[in-house]
Amino acid sequence: MFDLDRWREIFQSINKNRLRSVMSGFTVAFAILLFTLLFGVVSGLSNSFTSAFNDDAQNSMFVRVWKTSKPFKGLQTGRRIQLRNDDYNFVAEEYEDKIQYQSARIYKNFSIKYKSEASTYSIRAVNPDHQFLEKTIIDEGRYLNERDLKDKSKVIVIGRLIKKDLFGEKIALGKRVNVNGSSFLIIGIFSDEGGDNEERMAYIPVSTAQMMYGNNDYISQINLGYNPDLSLDAAIAFGNKMERDLRKKLNIHPDDQSALSVRNMAEANKGVGMFMFVLYLIVIFVGSGTLIAGIIGISNIMIFVIKERTKEFGIRKALGAVPSSIVGMVVQESVLITTIAGYLGLSLGTYILSLIGNSLEEDYFIKDPSVSPEIVIGATVVLILSGLIAGYVPAKRAANIKPIEALRAD
């Protein structure tokens, strides 16, 4: 219930102790300001890490091969390791329940020509699942499908900037382009959040590339997305086991990282998660320490106020005031000071973060520092609880004053 007389008394008490109220409020405001800025900076670092991995699915794994650097089972160093369709199928069959997406990848650099316009681009021969692993966004048409793969179709999906280079503002979908001397039908146009390099790229079916460029079953790389139901530790264990099994299958020394490596996003995600967790703990520790100092300051102010108003509280109790009304008044004053000061600090911190924007991204890898709505709601709850804690002990002391002792006080 809104009690105008109680609020008038509260503001009179604050006005009478302006300096003490302002100093205690400043401590709380500074604590929340510091808390907001630190959380914003940590959030900015988190955004930087997220954007760094934004180009690929968060559950990606990449199997890469090169030349051996260690002899093994009588085989010499410098041996070129070559992945084949058989290795791709081995992974698909052996770990079917642990894989969400899977794609082979073959790298080519070919000239793509349309009428008088031509340029050399990076071309990847892939499976349909590659769209989800690379987080490719289809703007027009469609991506490669299983029928394209089965029929070894001469179809191509081109990046947005390839379309711009070769066609300008004209329609590209459904047109044919010359790719290294062969005619390919454009079935889709895509964009990619990875940047310009990713959008000056094209995709063709892996089976088509194997037929046309070597007539073999060679593949350059195996990409897959592990089952998202797997925990990070389970995904890491899966990646390690797959690497061991492939080394055994391809006769590669167990410690030869040059010959075969598996880049597992689960390992990166776990490392980043642990790093961010430690940073958040530090922020909470520093912010909480400063906030506790503010709470103690407000509590001391309330004790001093109660001492000055001892006679008043004695008269109230003599006239029939119940202890809960005195407790409520003291706690209400404490919550008011804490909440106002806290929101001033929160507002100032949010404003400073908005001014900073992305100015720290280049030098300090802090991108778009900000506080989420969840943090604001959490801060509101913390401020109210802080006010209750700061006012409770003095309020209990005021409620326990005996009228006769209060009236004798100086």
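These are legends for a handful of close-up views of one predicted model.

A word on the ground rules: because the model is predicted, local features need pLDDT of at least 70 and side-chain atom pairs count only at pLDDT 80 or more, while totals for chains, interfaces and linings use all residues. Residues are numbered from 1 along each chain as its sequence is written, and side-chain values use heavy atoms, with hydrogens and water left out.

**View 1. Two domains in one chain.** Domain 1 takes in 4-53 + 271-408, and domain 2 covers 60-263. Those bounds come from an automatic or database domain assignment. Between the C-alpha centres of domain 1 and domain 2 there are 55 Å.

**View 2. Strand β11, covered on both sides.** Here we look at β11, residues 221-226. Strands here are DSSP runs of E with at least two residues, helices are runs of H or I with at least four, and both are numbered from the N terminus. Six of the six residues in β11 are buried, where buried means under 20% relative accessible area, exposed means over 50%, and partly exposed is in between (1.4 Å probe, protein chains only). In a regular strand, side chains alternate between the two faces of the sheet. In β11, one side carries Q221, N223 and G225, the other I222, L224 and Y226, and all are buried.

**View 3. The partners of β11.** Strand β1 (residues 60-65) pairs with β11 in the antiparallel sense over five bridges, and F62 sits opposite N223. Strand β3 (residues 99-114) also runs antiparallel to β11, joined to it by six bridges, with I99 opposite Y226. For two strands to count as paired, DSSP has to find at least two bridges between them.

**View 4. The loop between β1 and β2.** T68 belongs to this loop, with β2 being 83-84. T68 counts as buried because its relative accessibility is 5%. Leaving out residues up to four places away in sequence, T68 touches Q76, T77, G78, R79, I81, D256 and A259; contact means heavy atoms within 4.5 Å. K73 lies in that loop between β1 and β2 too, but K73 counts as exposed because its relative accessibility is 63%.

View 5. Most residues other than glycine have a negative phi. K73 has a positive one, near 55°, and for K152 phi is also positive and near 55°. K152 is in the loop between α5 (146-151) and β6 (155-159). With a relative accessibility of 39%, K152 counts as partly exposed.

**View 6. Helix α6 and F167.** In α6 (residues 160-167), the buried residues are L161, I162, K163, L166 and F167. F167 has a relative accessible area of 5%. Setting aside neighbours within four places in sequence, F167 is in contact with Y114, I162, A172, K175, V177 and I186. F167 and I222 are 55 residues apart in sequence and 33 Å apart in space, C-alpha to C-alpha. Just past α6, G168 takes a positive phi of about 65°.

**View 7. A nonpolar surface patch.** F277, V278, L281, I282, F285 and V286 make up this patch, with about 600 Å² of accessible area together. I282 is found in helix α10 (residues 265-308), and I282 counts as partly exposed because its relative accessibility is 46%. Patch residues have over 30% relative accessible area and no salt bridge; like charges are joined within 9 Å, and nonpolar side chains (Val, Leu, Ile, Met, Phe, Trp, Tyr) within 5 Å. A salt bridge is a side-chain nitrogen of Lys or Arg within 4 Å of a carboxyl oxygen of Asp or Glu. Accessible areas come from the Shrake-Rupley method with a 1.4 Å probe, and for residues only the protein chains shown count as cover.
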